[in-house]
Amino acid sequence: MHENKDHLLRNEAIKILRDLPAEELRENVVKPHFTALGGHVVEEGESDFYDLLLSSETVGEQFLTAVRLLTGEGRDSEDFIRNQIQRIVTATFDHPYGSSRVPLHRYYWITTGTIRGRDRRAIQELLDQPKSTGCPVDVWDAEELYTQLLKHDTLRHIGPLGIVFARSQIRYHAKKRGVFAAHWSYRALRLYARQRPLRVEQARECLAQGISALRADPLRHLYYHRVLAKVLEMWEVVLQQGQQLEMLSQDRLLFEVLAAGDVRRLLQETHPELSGFLWLLEDYEPVFQQMEQLEQFYTDGPAEASTLDFCRLLLRFGFPPTEPRIKSRLERVPDEIRQEKNENCSVDGQCSLCTGAVVSCFSLARRKPNFVKRAAAWLASLGKDRFSHLLPRYVQAPPANHSLHYAASVLQARLDYDPENREGRLRDVVEVFFVSPERESHGLYLEWLRYRNGDVFEIYSKILAAFLRYYLVGKTLIQAQEEFLAAAVADLIAGLENDSVNREVQQPYLLYAGRCNLSSFMLGCLLHVPEADRFACEVSKVLHARARMATQEGNTDLWDSSAERTAMFLRGYLDFWETVLFLAEQGRPIGPILPVEAAASLANLDS
């Protein structure tokens, strides 16, 4: 069945290519393809011998690539290939490029028609001989062009073909990795949203496929599945109701309708029960754009800890492990393990924090090769070190002398690697956080901060966020442990209150320490901590304002000058909405957590 659908998608893509006018073929297909492969256009439409001339470098040497384009023209004759293409390529090879002495490296003759030569292989072998034309030649018809776009992963970036690619990815992931299929259904919606007119039925079909795949995914609780499901369901309602009300029949792009407030008014009138979640619908796209920035520019950098943290966030958000920079970052891990020259498959100087991130990333990617299993086993053996281990590489301290945010990474790794706790090792990690209620000078748990070399509020943010995830995947703690955690959140809020000396200038929830602890405040909401709902609400308003500003300005710059802080803001905001939806599932009141506008909508509904 899937093979038949993939064949239909392939035929649809090839038909699109065959119907493209020459200018669209050049601008929207061929140029993006070759530039994505490292080419730089140096001449365009200035020669009788080629339509594009591109420059690229290989091992420090510059080369030229020439491309000839024909639309809707196919050739059955081997003689035509031999006589015409060979003549044109030879002339191109001899053609001077200004004062350039750069050699012509390859020539592409591309048509959106069909080539049905009886001996196509023999033709290609002839043209591939540099002595016959001066350089190797590739001859592509529409089917071969599609194959090349798919092979080099450029299909996804090319106009209407991107939708075909997105739909193929929904089908590819739907059976075993529903969360990634749902992610691609949102990507498909984004592509449909750029079209005039909007193809409503096709967009709704993609949303329905994504929602169904997400519900069927047994591991969805490891991800922000409630957020993703709610966004897809709300968009499905918008498309259905908007079509009936002719709101989407105008010559407007879908996200323009959202920004103009039409979607807000529609849902308030037709589905008031969704009005409390309007901010989530409006902010999901700017959050998605931030995730794209992290994936494109920061995930495959030279740093170990931060890049792994970005990978873990992106994967939990729903980005598939096949995304280029995530894929590249994960492929580096075996080399990093080999550089360690040990048997435990740790990374970064036997760092339990980084190794925990590795185990989480591969688990979220649905991959558990042997080195991940060995790394997970090594992490489980670190109880004597409070699961906080690092060789004296960065600071000259004994391996076990590190604060418990290292153990928080191990806790997340255990949840992601063995969510059902079949190995029975989760309890050992959990219990290191509940050893002693003794406080240090800030009024925070001494045992959590012992040996720290970082900011106390940042350490707390990582520990408490790990326990929020513990609850979101369905785990529970005994009453004494819940009270211990609730006291930790209360102490954090008191510490932020004390740290905000001049309230007229800076409220505690506006401090970096406050904005980076939204996950902690949401844990406090779960545990009925006084003031946690107010702090969570205020920080969510700040992040909503940042998302709205990004939308109004039309830019995709990071929300903060620090990529690490941006990631913390994004994680906190997603944790906020995931927890709100979790509480709603439990029948808990969510009005006190939500901003006034959303809470008022729910209160009116209840009354």
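Trainee: Is D491 buried or exposed?
Mentor: D491 is buried, with a relative accessible area of 17%. Buried means under 20%, exposed over 50%, partly exposed in between (1.4 Å probe, protein chains only). This is a predicted model: local features need pLDDT of at least 70, side-chain atom pairs count only at pLDDT 80 or more, and totals for chains, interfaces and linings use all residues. Numbering runs from 1 along each chain as its sequence is written, and side-chain values use heavy atoms, without hydrogens and water.
Trainee: What forms a salt bridge with D491?
Mentor: R439, with the closest N and O atoms 2.8 Å apart. The rule wants a side-chain nitrogen of Lys or Arg within 4 Å of a carboxyl oxygen of Asp or Glu.
Trainee: Where do R439 and D491 sit?
Mentor: R439 is in the loop between α19 (426-431) and α20 (446-449), and D491 is in helix α22 (residues 479-499). They are 52 residues apart, so the pair links distant parts of the chain. Helices here are DSSP runs (H or I, at least four residues), numbered from the N terminus. R439 is partly exposed, at 35%.
Trainee: How many salt bridges in total?
Mentor: The count comes to 40. One network links R26, E27, K31 and E44.
Trainee: Switching topic. How many residues are in the largest nonpolar core?
Mentor: 187, with F433, W448 and F467 having the most contacts inside it. Helix α26 (residues 563-585) gives the most, 13 residues. Such a core joins buried Ala, Val, Leu, Ile, Met, Phe, Trp, Tyr and Cys through side-chain atoms within 4.5 Å.

Conventions: Helix = DSSP H or I, 4+ residues; strand = E, 2+ residues; numbered from the N terminus.
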